[in-house]
Amino acid sequence: MRPDGGKDVSQTSHGIGGLSYDAKKRPWPAEFNVFLALVILVAAFELVGRVFLGDSFLFNTRENVSGLFNEQRLQIIILQVSIVGIIAIGVTQVIICGGIDLSSGSIVGATAMIAMSFAQVATVNGNPNPKAMFIDYGWTDLPVIVPLLVAIGCGLIAGLVNGLLIAYTRIPPFIATLGMMVTARGIAKWWSKGQPISFPTDSFAAIGKGLMPVVIFISLAILFQLILTYTKYGKHCYAIGSNEDAARMSGIKIANHKVLVYAIAGILAAIAAVVLSSKNLTAQAGMGVMYELDAIAMAVIGGVSLSGGRGSIIGTVIGSLIFGVIISGFTFLRLDAYYQEMVKGVIIVGAVVLDQWRQRRRAIGA
Amino acid sequence: MKKLLLGVALSALMCSSAFAAKIGVSMALFDDNFLTVLRNGMIAQAKGMSGVELQVEDAQNDVAKQLDQIKNFAASGVDAIIVNPVDTSATQAMSDAAAAAKIPLVYVNREPVNVNSLPDNQAFVASNEADSGTLETKEVCRLFKEAGKKEANVYVIMGELSNQAAVQRTKDIDEVIATPDCSFIKIIDKQTSNWKRDEAQNLMTNWLSSGKPFDGVIANNDESAIGAIQAMKAANIDMKSVVVGGVDATQDALVAMQAGDLDATVFQDAAGQGAGALDAALKLAKGEKVDKKVYIPFQLVTPANIDKFLKKN
């Protein structure tokens with residue numbers, strides 16, 4: 001953009017019917033709106049809490065604890081969305097690339113089951129581990145790298161199958177990943193015939209201990225924000241999502257790129273599975289149910305456009321925080337779980353409606 | 001020749017004593033720990049009998065799918081059907097379908113809404129849900145008294161709100177607390193964890209962040225109790241100062257009890273229910289009479305009698 005605020009030659013006109021682009025009508029980045037919504041939400045809980053409960057949502061009101069903020073609450077707000085957040089990072093890049101991934105929740109279930117069976121201890125409280133799957137083979141107390149590699153392998157295979165199906169059979173991503181969603185859940189149930197797999201080694205349990213899920217989530221978010229903004233991989237994602245034909249014309253290898261995008265989403269779901277099963281010290285076939293939809297919702301609330309080509313990891317992270325604030329806020333107000341779900345639904349739809357409205361208004365002037 | 005005849009006669013005799021039957025089983029869902037133990041209990045029981053053949057199907061928590069499975073069983077001419085209903089309020093159609101085909105039907109584990117109007121060749125096998133929450137809460141109450149508490153504040157973690165067991169167990173808690181004996185217990189808040197460990201863990205941490213002093217956690221199931229325990233341990237709370245109760249007596253829960261974290265749980269004999277359901281189905285198939293409601297009793301599990309339960313469920 002020229003320093004005098006005038007129009008760049010390459011940007012004079014685009015969009016519907018040759019309407020001109022006016023830089024002045026593009027007030028702030030999309031993430032700012034989402035952030036504003038987050039702040040308003042927190043302020044609302046703070047206000048309602050002060051008025052009706054005489055307690056603070058955000059600030060410390062306990063005498064036996066020091067600190068300005070209620071740190072425990074700040075931690076749980078982000079801790080409880082970290083695992084779905086990791087999935088949402090993968091889902092965000094898939095959606096930016098013009099696709100969708102419905103399989104991530106089931107990949108979490110299947111990966112957790114398979115990886116956990118390689119992370120079990122031989123004895124619990126002096127007795128043989130009642131849940132050990134491979135105790136007859138002596139595959140217990142394995143080094144933590146084994147379950148980790150198994151998990152990454154599972155996620156990679158599932159993601160590759162998704163990507164290859166979408167890129168080479170040309171079936172819609174919705175269908176391909178729906179197939180994987182059902183298949184992977186089947187694998188999760190079949191692996192131990194529905195039995196939970198519990199009692200992992202200490203080194204495996206350390207992965208999801210305390211605030212580790214948050215650390216992993218934020219590290220991955222920063223990594224992928226950088227990748228999407230500054231690398232060829234990221235730029236191709238936006239290009240394919242905005243206009244696949246144009247991207248093809250300009251020489252981007254669409255098929256290869258899509259395979260890569262879904263493979264990475266699969267690996268991220270696998271990482272989420274490791275963190276989740278480690279945090280809970282168990283793997284169960286029903287783990288991760290509905291996570292895919294929560295992840296998509298986080299991305300959408302964060303301003304990622306389901307039609308592709310638009311959005312960012314930062315937006316998704318803020319979207320996930322909105323989820324976290326809602327859960328903690330409603331527990332703080334001691335409101336029933338029913339309302340939580342209702343409000344969550346309204347916020348998802350509301351976010352998209354607002355975004356559409358803003359889209360039409362901004363940047364397109366007469 | 002004589003030997004051969006004798007052999008034929010003997011085998012004919014044996015056949016008449018072993019009753020051959022084909023039983024169709026529709027489970028609400030396969031990926032549930034408890035229902036898996038129940039299912040395996042049924043399968044193990046069938047394996048021990050000659051001539052009993054089970055066909056077990058997964059309704060995947062889908063009411064319509066389950067009804068289709070029942071109709072398919074009826075069409076393929078099974079001798080009896082065992083149903084673990086997805087939705088306990090949708091059982092009338094299932095009873096009707098089985099009655100129309102004149103095939104005996106046994107509901108297992110979840111109480112059907114039409115339990116009091118079941119036709120003659122249908123029955124219900126389960127544990128009496130009203131006992132589980134009652135046993136659990138009474139034990140928590142006893143432990144509070146033992147610790148000399150004059151007042152006790154508890155959090156209640158509920159299961160999936162659309163599930164009858166969650167509703168009943170929560171009602172049990174309220175009823176026990178309403179008795180003069182245990183009225184010193186006050187509920188600070190009750191929320192749902194959807195039976196899940198990770199949701200219970202998050203819920204408990206949210207509660208802890210409010211900093212309210214509390215004395216115990218009463219959960220509708222063990223997974224939720226374990227989630228709460230993990231959250232409390234992460235917050236460095238001394239588990240000896242908190243009473244935690246669950247229901248189900250799962251392996252994970254028993255290990256938590258051995259570690260001194262979980263104080264009470266209730267054993268629901270899943271395998272016993274599965275075997276009991278098969279028993280009832282076989283009797284009905286033979287035309288024998290069976291009680292409309294067959295109850296397999298719940299049993300309280302505490303550190304004192306835990307050894308009895310370590311090998312079960």
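Biologist: Okay, Val25(B) first: which residue in S3(B) stands opposite Val25(B)?
Modeller: That's Ile82(B). This is a predicted model, where local features need pLDDT of at least 70, side-chain atom pairs count only at pLDDT 80 or more, and totals for chains, interfaces and linings use all residues. Residues are numbered from 1 along each chain as its sequence is written, with chains lettered from A and ligands numbered from 1 in the order in which they are written.

Biologist: How many bridges join S1 to S3 of chain B?
Modeller: There are 4, between residues 21-27 and residues 80-83, and the two strands run parallel. Strands are DSSP E runs of at least two residues, helices H or I runs of at least four, numbered from the N terminus. Strands pair if DSSP finds at least two bridges between them.

Biologist: And what's the strand order in the open sheet?
Modeller: S2-S1-S3-S4-S5-S11 in chain B, 6 strands with parallel pairing. S2 (52-58) and S11 (293-295) of chain B are the edges; each has a single partner strand, so one side of each lacks a neighbour in the sheet. Twist averages 20° from one strand to the next.

Biologist: Switching topic, how many residues of chain B are in contact with chain A?
Modeller: 27, against 30 residues of chain A. Contact means C-beta atoms, placed from the backbone, within 7 Å.

Biologist: Which element gives the most to that side of chain B?
Modeller: H7(B), with 9 residues.

Terms used: Contact = placed C-beta atoms within 7 Å. Axes fitted to C-alpha atoms, helices over the stretch in contact; angles between N-to-C directions.
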